[in-house]
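Please read them with the coordinates open.

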Amino acid sequence: MQFYRFIILIITLHLLSSCGSNSNAKKSAFSISTNGSYDKKLKMHTIAKNKLLKLSITNPNNIPIDSVVYQYNKTTIGSQTILNDFKLGIQQIKATIYFQGDSTSINQAIQILNDKPPKLFTFDIINEYPHDITSYTQGLEFYNGELYESTGQRGESKLRKVNYKTGEVLKNIALKPQFFGEGLTIKGNRILQLTWQGGKGFIYDRDTFNKLDEFHFEKSKEGWGLCNNGENIYKSDGTEKIWLLNPKSLKETDYIQTYTNKGKIVGINELEWVNGKIFANRYQLDGVAIINPLNGAIEGVIDFRTLKKKVTQHQGLDVLNGLAWNPTSQTLFVTGKRWDKLFEVKIIEQ
């Protein structure tokens, strides 16, 4: 008798296991389908901002579905949604499917592009000022009419306050030799300065340059550029991502991805907040992108290719780097790594 009970128990467990497997098989058969064009390289669908996104559930087993709830960034959306408030880049759509007294959730990545190409801008030079030809400029920023600069290279990295009209260094501290200085921004009485691969940034008193504290990077592995709008702080890491930092803790809370109507743009470097937009240069290139901070759209590109020819040509001369917006004059100040000039320019749409 015990033998037969054992056999029945084994059969029952097998049936239960089989039912669970069938249920899981049914759940795994669902997938999300969209009306975007399929990118074979990325293996996902692509659609442009402001277009109508149509979502549906692929259901090869013809399982009776009771309802479907779609979400983007934890916000419920309809099966047909205009992409006007979506961030650009690779985004996740979640679908929760209810069927036969059961439910399952699945995710689908889509790529959202900008809906128009960037506008093209050029510039007029208003003034030229002297700049330290030895400075490997990484970041520039005006605060109350005074220019602050962060420079790079291990053993050469500095934080400075400079008289931009004369080039005189008013205040200067050197970083420890193991650190490669990067971008900076000023918020209130604090100066924030990044290091490239040091995994952290430094916080200084704006007036004394005394070091107050440090902050550490999280998902962004490197430090490139910084800017702020008086409230939010933005950080680049050399990829297409610009991270939003909590203004108090400096923890990464969110990010945007920089995209045109063709795809992502990587190498985002020095950042500057200019009248509601982020200006950013791309490392090793002589252009500056004008970025929408809400969705990452590159709305314009400024062509600065002719500037490098106007500085002293020497062996250590390197690329354009360093953007500082002067809100009083409403002009942009531009220099480069080991450039002997700082240019004040006015931006002009072509």
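1. Burial is used throughout in this sense: a residue is buried under 20% relative accessible area, exposed over 50% and partly exposed in between, with a 1.4 Å probe and protein chains only. Arg338 has a relative accessibility of 16%, so it counts as buried. Its phi is positive, about 65°, although Arg338 is not a glycine. Arg338 lies in the loop between S28 and strand S29 (341–349); strands here are DSSP runs of E with at least two residues, helices are runs of H or I with at least four, and both are numbered from the N terminus.

2. On provenance: this is a predicted model, in which local features need pLDDT of at least 70 and side-chain atom pairs count only at pLDDT 80 or more, while totals for chains, interfaces and linings use all residues. Residues are numbered from 1 along each chain as its sequence is written, and side-chain values use heavy atoms, with hydrogens and water left out.

3. Leu250 also calls for a backbone check. Its phi is near 65°, a positive value in a residue other than glycine. Leu250 is placed in the loop between strand S21 (241–245) and strand S22 (252–257). Why does Leu250 count as buried? Its relative accessibility is 3%, and therefore Leu250 falls under the 20% limit.

4. Aromatic pairs are taken as rings of Phe, Tyr and Trp (its six-membered ring) with centres within 6.5 Å; planes under 30 degrees apart are stacked, over 60 edge-to-face, and the rest tilted. The count by this rule is 18 aromatic pairs. One of them joins Phe123 and Phe304: the ring centres are 4.9 Å apart and the planes are at 40°, so the pair is tilted. This pair connects distant parts of the chain, 181 residues apart, with Phe123 in strand S10 (residues 119–130) and Phe304 in the loop between strand S26 (298–303) and strand S27 (320–326). Phe123 is buried at 11% relative accessibility, and Phe304 is buried at 1%.

5. Phe142 and Phe333 make an edge-to-face pair, with 4.8 Å from centre to centre and 65° between the planes. Here too the pair links distant parts of the chain: Phe142 is in strand S11 (residues 137–143) and Phe333 in strand S28 (residues 331–336), 191 residues apart. Both Phe142 and Phe333 are buried. Together with Tyr129 and Tyr164, these two residues form one aromatic cluster.

6. Two lysines are placed over rings. The criterion is that NZ of Lys or CZ of Arg is within 6 Å of the ring centre and within 35 degrees of the ring normal. Lys241 lies over the face of Tyr255, 4.4 Å from the ring centre. The charged end of Lys171 sits over the ring of Phe209 at 5.9 Å from its centre.

7. Asp124 is found in strand S10 and is partly exposed, with 43% relative accessibility. Which residues does Asp124 contact, leaving aside its neighbours within four places in sequence? With contact meaning heavy atoms within 4.5 Å, they are Glu344, Val345, Lys346 and Ile348. Asp124 and Glu344 are 220 residues apart along the chain, and their C-alpha atoms are separated by 8.6 Å.

8. Two loop residues can be set side by side. Asn275, in the loop between strand S23 (268–274) and strand S24 (277–282), is exposed at 52% relative accessibility. Phe179, in the loop between strand S14 (169–174) and strand S15 (181–187), is buried at 11%.

9. Rolling a probe the size of a water molecule over the atoms shows where empty space is left. The structure holds three cavities of 30 Å³ or more. A cavity is a set of points, on a 1 Å grid over the protein atoms alone, where a 1.4 Å probe fits but cannot get out, and lining residues have an atom within 4 Å of a point. Grid points are joined across faces, edges and corners, and a volume is the space filled by probe spheres set on the points. The largest cavity has a volume of about 50 Å³. Its lining consists of Pro130, His131, Asp132, Glu149, Arg160, Val162, Gly167 and Val169.

Methods: 1 Å grid on protein atoms, 1.4 Å probe; cavity = no way out; pocket = protein on both sides within 12 Å on 5 of 7 lines; lining within 4 Å.
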